[in-house]
Amino acid sequence: VEQFAVNSFAMSTICRGLLTSPPVSQPFAAQAMRAILRCSITACDWVLGNEEALTIIIDGVRHRDLTVQQYCIWSIFDLSARNKGARLLVQRGGWVRLKVLLYTENVQTAAKVAAISCLKHFLLGMDRVAGPDEELILRLADLLRSDHEGVQDACAEILARMIQQDYISLSVKVHAANNCPQSDNWGYCDPFVKLMINDQQHVTPTLRNTLSPVWDDQSHFSISDKNDNLIVQLYDWDNTGAEVLGQIELTCPRLHELGTELGLYRVGHALSEKAATLNNDAELRATTLLQEARVAADALRHNGLEEATKVRDQLLEEARFIGSDGKAEAKKMVVDAAALAQSLLLAAKGQGRVLEFRAEQEALKIKSEAKKKAVQVERVWADTVKDMVNVPARIDLLTKQAHVKSDRLRSQASEEADKMLLHSMKEAMIIRSGAHQESERILSLKQGWHMVMEMDKNGLTGKPLMGFKGDIDGFDDNGKVVGQGGKRLEPSP
């Protein structure tokens, strides 16, 4: 057979014999071709790679000779045994020819049995190349009422296998739980897990007095609807009855994704990217918050410094004014104004009569205003010091107040700025800590962990089920759960 399979001339001669040889010889050519294809993968590959030979065999499904027709159908059976051949036969029309044959009334029973057997390679298996339409299924069901036992058996087998292949075997292992909630007076829990899908359920053993149970419990389910969800419920056992604490719901596509090596890689890669993005976003938010806080704190310190300087200068100026001679101050103002007026006149001299006149007017105005201001200053000074018993003591007091108020304002501004920075640092720490915890939870999904959602009598609350992280050692005076060394345990999902 292998010698025939590797001999292209011999294979071509046999194929052409289905068409060109005398009618009495054509059944022998068809029988020989089927025998070779049945025994040799090499021969099957040759036919699939030879367009003329493949066309001759497909056309043989409609051959007038019933023996040739039957052996051509069985040849298609051998060619379609592998996914590669089945796909090529679908493309070249072999699949359609077989379906048409089932609807033809005057077809030999053996040919119908052969055609129905061929359909298995197209309709069954994980990599099936054709999907059954409703009309084909109804036709197969109708052929179950055939008078020929071979047709009945072939139809029953393919329909049963089509139904069976829609069922998926789901294997679930409940490994462990962490941070279960305290549910009894001793600070412990008696947890067990119930799995439910498609009216099937499985319950793990109950583990007593633990918040970190390890079950390592394996269960198996048969499921037919890929849209059904696996419901995982966490219970706490009690003498009066079990209490449901929380629930996880996983879709079958998600379970299938987590159940393959490639799916786990993709899920892990996506989760790693999500965790990295979460941490990066949190770091950016925290950094931006701190930068804005530093800018605001610097502005607060700067404004406080300006206010302190302004208050100090005002008090020092008041002290200097009190300690000065009012008449001397007034006289100095008049003298300074006269000097300024004289400089204006000198600057305008020789620049023309108009400019000299304007300078004279401006000089007179400066002198007049200086005299008025001098009188006012002398009066204010007299009113200020007339009731003072000890002017030097008042000057010392104002000087001290200037420095004390200035220092206090600077200190207040600095404290406010420090508080602002401290508050921002706490907020940044909360942002980073929250992102870190969430990223750890996301990355834990790579190891098969899932967060249990809280349940009450009305159903899911939409909140994570909270428990205690760590080993319980007892209770404090307020009845709070504490760990080793009296350390208070923090709630954790």
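**View 1. Glu 105, out in the open between two helices.** At 62% relative accessibility, Glu 105 counts as exposed (exposed is over 50% relative accessible area, buried is under 20%, and partly exposed is in between, using a 1.4 Å probe and protein chains only). You'll find Glu 105 in the loop between H8 and H9. Helices here are DSSP runs of H or I with at least four residues, strands are runs of E with at least two, and both are numbered from the N terminus. Setting aside neighbours within four places in sequence, Glu 105 is in contact with Lys 112 and Arg 139, where contact means heavy atoms within 4.5 Å.

A quick word on what you're looking at: this is a predicted model, in which local features need pLDDT of at least 70 and side-chain atom pairs count only at pLDDT 80 or more, while totals for chains, interfaces and linings use all residues. Residues are numbered from 1 along each chain as its sequence is written, and side-chain values use heavy atoms, with hydrogens and water left out.

**View 2. Helix H8 and its buried side.** Helix H8 covers residues 94-103, and its buried residues are Gly 94, Trp 95, Leu 98, Lys 99, Leu 101 and Leu 102. They sit on the same side of H8 because they cover an arc of only 155° around the axis (the arc is that of the directions from the helix axis to the C-beta atoms). What do the buried residues of H8 pack against? Their partners are helix H5 (51-59), helix H6 (66-79), helix H7 (83-91), H9 and helix H10 (134-143).

**View 3. Helix H9, mostly covered.** H9 runs through residues 109-123, and its 15 residues reach 21 Å from first C-alpha to last, close to the 21 Å expected at 1.5 Å a residue. That expected span is 1.5 Å times one less than the number of residues. Twelve of the 15 residues of H9 are buried, among them Lys 112, Cys 118 and Phe 122.

View 4. The structure holds three aromatic pairs. Rings of Phe, Tyr and Trp (its six-membered ring) pair if their centres lie within 6.5 Å; planes under 30 degrees apart count as stacked, over 60 as edge-to-face and the rest as tilted. Trp 95 and Phe 122 make a tilted pair, 5.3 Å centre to centre with 45° between the planes.

**View 5. Phe 192 stacked with Tyr 235.** Phe 192 and Tyr 235 form a stacked aromatic pair, with 5.1 Å centre to centre and 10° between the planes. Phe 192 lies in strand E2 (residues 191-197) and Tyr 235 in strand E5 (residues 229-236), so the pair ties together parts 43 residues apart in sequence. Phe 192 is buried, with a relative accessible area of 9%, and Tyr 235 is buried too, at 13%.

**View 6. Arg 208 over the face of Trp 237.** Arg 208 lies 3.9 Å from the ring centre of Trp 237. For a charge to sit over a ring, NZ of Lys or CZ of Arg must be within 6 Å of the ring centre and within 35 degrees of the ring normal.

**View 7. Ser 406, tucked into helix H16.** Ser 406 has its place in helix H16 (residues 391-444). Is Ser 406 buried or exposed? Ser 406 counts as buried, at 1% relative accessibility. Leaving out neighbours within four places in sequence, Ser 406 is in contact with Ala 308, Arg 312 and Gln 401.
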